[in-house]
Amino acid sequence: MGTLPTELLSQWGDRVWTLPELLLSPERDIEIYTLNRSLDQVQQLKQCLERPPDRINRRNFSRFWEDASIVGQLLDHYEGSVILSPLELIATALKCLERRHTTQHLPGDLSYSLMGLLRQRPNARKDDSGFQAFARLSLANDSNMLLERLICLLPPSPYAPWYSFQDHWDASLWDVYPRTQVCGIGENDTVILDGARGATIRWKSFKKVILRGNATVIRRIAVLALTFVSPFFIAAIAMLAAGASNAFQNSGYGYGSGYDGTTPLKAIGGLFLALSLIILLSSPWLIKKLYLGKVWNAQPWFFGIEGYIPIDEIEKKLFGAKSGRLSWSTTTSSLSRHDHLNHKDLVNYCEGQDPKIDPEVNARIQKALSSTNSEEKIFTLVDTYTMTVTLFAAVKPPVAVLACGEEGGMQRALLCSYDWTNNTMYRETVLRMETPAYWRMSPIRRVRLGLQTRTQMDRDGSGKA
């Protein structure tokens, strides 16, 4: 240890187990005894008894530490000046503890040091991982559904530790409103989730999407014209043929009486033929108005595509032509990009842009083309209900969408891959979806959810993949 008091206090506060001792101390002033390591134990004890200790107010301890402002919030709480909510207390204390060091005795030492600051203290288990110990501690205390909020955050890195409460959109735990419940804890850092809504992602191919549009006057005319063009054309041919036959008979089987061959039947047939030809020639325009107009409702589908694909190509595959119905999402994923449009009627309106225009995103797209099985890949998700396209990054292709919470007027949806060997869904990434999409998803049964991806578990050696 160092010889300077400031260095001694800094090293003392750098340990995990000493922070709870400081916060729970019944006295505001802490007595500091400094031992001379060059003396034997008897002389050290004699020196401590003869020389009065230094007295330091516990609030002054934090000024020797890098996280003085965060420790100050905890001191305010335990002194009763500013009371933190249970959720804020756990999140703030864990943020302080994870920066400190200790000689590990159990994998859950970080959670067990936190246990001293809470009322309910479950028994320590030697076989629990760090996350399992924290999950049991959180469920035992009134933590305001901390675990349910935690699973809805998108860590800045897929390899971030479980105690990283950071979010890509800078949301805090208390910003998330959970829609599910964690009702159990499983092995390999998994939880049992109940009450979620979900939907599957179709990767095999595009499927026909049923669309419903408003029955405008132009669409009604287009339907009638395209429906009756074939009968009109057949009737015209029949009338012309019958009129020609009658004209032939009236002209004495073709031998000259000066009859011009015009009959009412031929006149009507010519009118029907002209009308049918006009409809046939304008049929491309009529079909465009009928099928490529504004859509008021669409059949909900999630289509997954590996890699990046332009919206025009997606619309050609999905609707048969470029229709302008699909648009890039604004803030759905970490790769979404948008721009602010200033219009007299729309102030600061956000419009989604092609993520590829961002050089950083384009570089990740190019890198993913040669990625291995355990590296990040780029995927495209098409939501036909909201008519949005989202580019996102994940290691494994997700097979399901689980809506588990909401934040900032958007739904937090977990994109999960599935491991059939242990019946577990693994969170690959988190998206922010529009609220109408949530109500189109179906309630599902309990699922076993892993916060770590299978690749991360293989890398850390914390479970089976």
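1. β9 and strand β13 (residues 377-383) are antiparallel partners over five bridges. Two strands count as paired if DSSP finds at least two bridges between them. Strands here are DSSP E runs of at least two residues, helices are H or I runs of at least four, and both are numbered from the N terminus.

2. A word on the source. This is a predicted model: local features need pLDDT of at least 70, side-chain atom pairs count only at pLDDT 80 or more, and totals for chains, interfaces and linings use all residues. Residues are numbered from 1 along each chain as its sequence is written, and side-chain values use heavy atoms, without hydrogens and water.

3. Now the whole sheet. It is open, with four strands in the order β9-β13-β14-β10 and mixed pairing. β9 (302-306) and β10 (327-328) are the edges; each has a single partner strand, so one side of each lacks a neighbour in the sheet.

4. Helix α12 (residues 311-319) packs on this sheet. It touches β9, β10, β13 and β14 (388-394), at about 50° to β13. Angles run from 0 to 180 degrees between N-to-C directions, with axes fitted to C-alpha atoms, for helices over the stretch in contact.

5. Helix α13 (residues 359-368) lies across β13 and β14. Its direction makes about 110° with β13.

6. Turn to L449. Beyond neighbours within four places in sequence, its contacts (heavy atoms within 4.5 Å) include I151, D189, L414 and R427.
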